[in-house]
Each structure stands twice: as C-alpha cells, then as structure tokens.
Amino acid sequence: MPKSKRDRAVTLSKTKKKGREHKETIVQSIRDAVEEYNSIYVFSFENMRNLKFKQFREQLKSSSRFFLGSNKVMQVAIGRSDSDEIRPGLHKVSKLLRGDCGLCLTNMTIEEAQRIFGEYEDHDFARTGSIASETVELKEGPLDQFTHEMEPFLRKQGMPVRLNKGVVELVGDFVVCEEGKPISPESSRILRLMGIKMATFKLSLICRWSPEDYEVYQEGLQGSDIESS
C-alpha cells in the first residue's frame, strides 16, 4: 500500500527543538484540517487588528478554521510543488501564500464565504508609519475640542498652542498629517485625540481550492506570476 503524502516527515529548518516542534505541530494541524474541511481559501489582510480578527474568527468557528503566521510553514504543510502537495492542486495555493496573508479552511458555501469576507471591514485609528488617507489641517484659533488640561500634551506633540482664558488656542495653522505621507508618532496621537480613524482593517480573498476545482479571485495572480513565484 503506497504511503500517504500527508504522513511524510518534513524538515522545516535548523531551529531549536521547541521551535521545531511548534512548527511541526502547526504543519500537522493544517494537514488534519485539509482532511476535515471542504474548501481552502488564501486571504490577504490590511491593517491587521488582532482583537478584531479574533472576534471575526470566533464568529466562524463552527464552520471554519484559520491559520496565520509563517507563510513558509503553511507552504510546507500543504506542499510547495506537485511532487510534495498533500492533495492534487494544493501547490497552486501554496504559491499564493505571500506577504500579509493566511489560510481559511471552511465548510461554508462559496457564496457565503465571498459575502462574509467581502463585507467585512473595521475602522480604527491609524498607527505610526501608516499612510494618511487624507490631509488634516487645524486653523489658527480656539480648539474647543480640547480641554485646558491637554495643552501641555499638545505642545509636546509639536502643536503651537497656548492657553487663552482657559481655552486651548492654536497660534498658527497646523498640519496634522498629509494625504499619501506616513503618519508620525505625534500625528497618530493627535488624530486619536480628535477621534479621526484612518485605518481600515480589511480581509480579501485571493483564491479558493476544493477537490473539484480551483480559482483565483484577484487579478494579476494567475499565469506567469504564479509560475515564477
């Protein structure tokens, strides 16, 4: 009787024993899930928020299982070529595990998965280094949205402010951030105080695999791009 591909021993890397065992546990968990669920999706994410993703995953725990982490470990688990893939066609999925992405193994219907991922987004405050989606400028004059206790903190963030009869006053126009440019630590703090959310946590489906078929959702990922990765 031929030996199953999914039972083949895998050497991940020369790591400490604990790290190697952890990776091998993940590999086996993914391989077990491949046998349990009907479809496998690769999805990408923008502006990951761990708590929000945990809540999203919890909502789907009855029908789906998610894996995030090392793309290389996930690739090893499902196979990186047609010679070591654990199910026919999974090496195509492996080649799309690049950048900020993860695996979703699920029993949801295609329509349900597309709807849930397509509709999901959550707005949050931008973090340092993220790109501003708009220009925010404060004009000279009183800043009624800030209390007088905030004046020292605002000055530390580089804002030209002073107290005028207990009211925080901007003594000159001030640009908090500019559209298309990275947000500084100071700008991030000011935007948070102003309640302006510029980051959107989004999930996007890249491809779907099932024993019957395989399809790529995002344009530009098929053909030569897949073969050359």
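Two strands are taken as paired if DSSP finds at least two bridges between them, and helices (H or I, at least four residues) and strands (E, at least two) are DSSP runs, numbered from the N terminus. The model shown is predicted, so that local features need pLDDT of at least 70 and side-chain atom pairs count only at pLDDT 80 or more, while totals for chains, interfaces and linings use all residues. Residues are numbered from 1 along each chain as its sequence is written, and side-chain values use heavy atoms, with hydrogens and water left out.

View A. Strand 6 and strand 8 (residues 167–170) run antiparallel and are joined by two bridges; in strand 8, L170 is the bridge partner of G141.

**View B. Helix 5 and its buried face.** In helix 5 (residues 110–119), the buried residues are A113, I116 and F117, where buried means under 20% relative accessible area, exposed over 50%, and partly exposed in between (1.4 Å probe, protein chains only). Seen down the helix axis, these buried residues fall within an arc of 90°, so they line one face of helix 5; the arc is that of the directions from the helix axis to the C-beta atoms. The face turned away from the buried side carries the exposed residues E111, G118 and E119. The buried residues of helix 5 pack against strand 1 (39–46), helix 2 (50–59), strand 2, strand 3 (101–106) and strand 10 (199–209), contact meaning heavy atoms within 4.5 Å.

**View C. Helix 3 and the residue that follows.** Seven of the eight residues of helix 3 (residues 71–78) are buried, namely N71, V73, M74, Q75, V76, A77 and I78. Helix 3 is followed by G79, whose phi is positive, near 105°.

**View D. The lining of the largest pocket.** I26, S29, R65, F66, F67, L68, G69, S70, V73 and M74 line the largest pocket. Helix 1 (17–36), strand 2 (64–67) and helix 3 are the elements that give two or more residues to this lining, and the largest share, three residues, comes from strand 2. A pocket is an open set of points on a 1 Å grid over the protein atoms alone, where a 1.4 Å probe fits, with protein on both sides within 12 Å along at least five of seven lines, and lining residues have an atom within 4 Å of a point.
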